[in-house]
Amino acid sequence: MASAPEDPVLERYFKGHKAAITSVDFSPNGKQLATASWDTFLMLWSFRPQARAFRYMGHKDVITSVQFSPLGNLLASASRDRTVRLWIPDKRGKSSEFKAHTAPVRSVDFSADGQFLATASEDKSIKVWNMYRQRFLYSLYRHTHWVRCAKFSPDGRLIVSCSEDKTIKIWDTTSKQCINNFSDFIGFANFVDFNPNGTCIASAGSDHAVKIWDIRVNKLLQHYQVHSSGVNCVSFHPSGNYLITASSDGTVKILDLLEGRLIYTLQGHMGPVLTVSFSKGGELFASGGADAQVLLWRTKFDGLNCKDVIKRNLKRLHFDSPPHLFDVYPRTPHCHEGKIDTIEINPKLEVINLQTSSPPVVDVLSFDSTTTAETVVRTLPEKAEAKFQCFLHPSLISPECSPTILKKKAEDMSGLPSESQRSVPLAVTDALEHIMEQLNVLIQTVSILEQRLTLTEDKLKDCLQNQQKLCSAIQQKS
């Protein structure tokens, strides 16, 4: 079947990872793509012809999430090694490490102004960090199971999170309280995100469903049942008119939210599709899956300039704003089976001269001012059985993932002072920095305990008040 001019087209694909792709994100200028993988590496791809790709090393376990900052000058990544890293996306690959979570971290998300970072973890908490000072601010506790994802609203006033406790929660970043709660009694959401104007949220369900909720009226607007397996990720087009979904059934689907129907089913991955993301302008989207491939697609949907999209949405970020044309959705929940007027695209059958991209890869070892070793041994995470309990597809690790020994280049080390040039001995510097890290962890732990103590006191007050009411009621009866 010949494709129409408006149909999505598979433009190229990238090969470089040795295991499943867990997360993809476009740079704000649309010229680069960051990818995270089970192979513990973060990769940065350039769309320029014959450009080199960079492979960043620093995490010690599966990288679960990656995102560019709004200015594109930083990359944030989350990992099963319980840490969050901030990278400078250049050939040196410097990074700083954040430690506060006590379990694997599942997602990272920058606020629209780039001042804050939200992280979600299997320790049942969401943590918010200040990017200017690069320090921990506060935690959000209400989930009773692993938190899979947390996202800021476009105006930064709200955070939406989803958990394996089968709830989706809306948090107020000012009061730091949960202000809304959506429950699902069938499955749990693997991923959740706000639409571009912040009035709705979309959830990707383990029960094969995609749901759109209006947070202004707390109502389920749309319910799509178009996949035959769990949905792992969703991404809104910048116009807010389209939603793209990635599923373990091996397909990527595109939904028209204004008409409330499935319009495209895209094939190309061999196995589950784990992540998908539109570019900031909406002209491209990328998908990654268990086959360790990243597919880059070009679209013809509502071409918009990224800056125009941001300006338009900033004018409509308040709940009290009047309805806008782009806010119009079908107002009744409906289940869509995807049988009418849908187009199925299989690039393996229709694309003959597909542009592939296996560029030269430059290995970049993350380092800071205390790095001294000239060689570093990198290995994959420990036995697969230990991590398969937390992820969907235990077969995603490729046998090609063998330990890699990497030697740091002399040019990368030339900017570091030698030990003889240091005014303070290196051993003392290392010890002091280690002490500072431990103090930071203690401060964060005390902050968490204080929050829990406050919650306990509030509950105790409620219990005492209820007890007094019961006692007074009993006295009145007697």
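User: Are phenylalanine 54 and tyrosine 56 buried or exposed?

Analyst: Phenylalanine 54 and tyrosine 56 are both buried. The term means under 20% relative accessible area, with exposed set at over 50% and partly exposed in between (1.4 Å probe, protein chains only). This is a predicted model, in which local features need pLDDT of at least 70, side-chain atom pairs count only at pLDDT 80 or more, and totals for chains, interfaces and linings use all residues. Residues are numbered from 1 along each chain as its sequence is written, and side-chain values use heavy atoms, with hydrogens and water left out.

User: How many aromatic pairs does the structure hold, and why is the pair of phenylalanine 54 and tyrosine 56 called stacked?

Analyst: The structure holds 10 aromatic pairs. The ring centres of phenylalanine 54 and tyrosine 56 are 6.4 Å apart, with the planes at 15°. Rings of Phe, Tyr and Trp (its six-membered ring) pair if their centres lie within 6.5 Å; planes under 30 degrees apart are stacked, over 60 edge-to-face, and the rest tilted. Both values meet the limits, and the pair is therefore stacked. Ring pairs also link Phe14, Phe26, Trp45 and Phe47 into a cluster.

User: What makes the charged end of lysine 176 count as sitting over the ring of tyrosine 138?

Analyst: The charged end of lysine 176 is 4.6 Å from the centre of the tyrosine 138 ring and sits over that ring. The criterion requires NZ of Lys or CZ of Arg within 6 Å of the ring centre and within 35 degrees of the ring normal. Arginine 85 is likewise placed over the ring of tryptophan 87, with its charged end 5.8 Å from the centre.

User: Why is the contact of arginine 80 with aspartate 61 called a salt bridge?

Analyst: The closest N and O atoms of arginine 80 and aspartate 61 are 3.9 Å apart. A salt bridge needs a side-chain nitrogen of Lys or Arg within 4 Å of a carboxyl oxygen of Asp or Glu, so this pair qualifies. The pair links distant parts of the chain, 19 residues apart: arginine 80 is in the loop between strand S7 (75–79) and strand S8 (83–87), and aspartate 61 is in the loop between strand S5 (53–57) and strand S6 (63–68). Helices (H or I, at least four residues) and strands (E, at least two) are DSSP runs numbered from the N terminus. Arginine 80 has a relative accessibility of 12% and is therefore buried; aspartate 61, at 14%, is buried as well.

User: How do you know that lysine 99 and glutamate 97 are partly exposed?

Analyst: Lysine 99 has a relative accessible area of 43%, and glutamate 97 a relative accessibility of 33%. Each value falls in the range between buried and exposed, so each residue is partly exposed. Lysine 99 and glutamate 97 form a salt bridge, with 3.6 Å between the closest N and O atoms. Arg85, Glu97 and Lys99 are linked in a network of such bridges. The structure holds 11 salt bridges.

User: What makes the approach of histidine 17 to threonine 35 a polar contact?

Analyst: The two side chains are joined at 2.7 Å. A polar contact is a pair of N or O atoms within 3.5 Å; within protein, one must be able to donate a hydrogen and the other to accept it, and residues adjacent in sequence count only if both atoms are side-chain atoms. The side chain of histidine 17 makes a further polar contact with that of aspartate 39, at 3.1 Å. Histidine 17 lies in the loop between strand S1 (9–15) and strand S2 (21–26), and its 8% relative accessibility makes it buried.

User: Why is serine 235 called buried?

Analyst: Serine 235 has 9% relative accessibility, and therefore counts as buried. Serine 235 is in strand S22 (residues 231–236), and its side chain reaches the backbone nitrogen of phenylalanine 278 at 3.0 Å.

User: Which residues touch the most other members of the largest nonpolar core?

Analyst: They are Ile168, Ile201, Leu243 and Phe285, in a core of 49 residues. Another core, of 14 residues, lies apart from it and includes Phe98 and Trp129. A nonpolar core is a set of buried Ala, Val, Leu, Ile, Met, Phe, Trp, Tyr and Cys residues joined through side-chain atoms within 4.5 Å. Buried residues make up 53% of the 478 residues in the chain.
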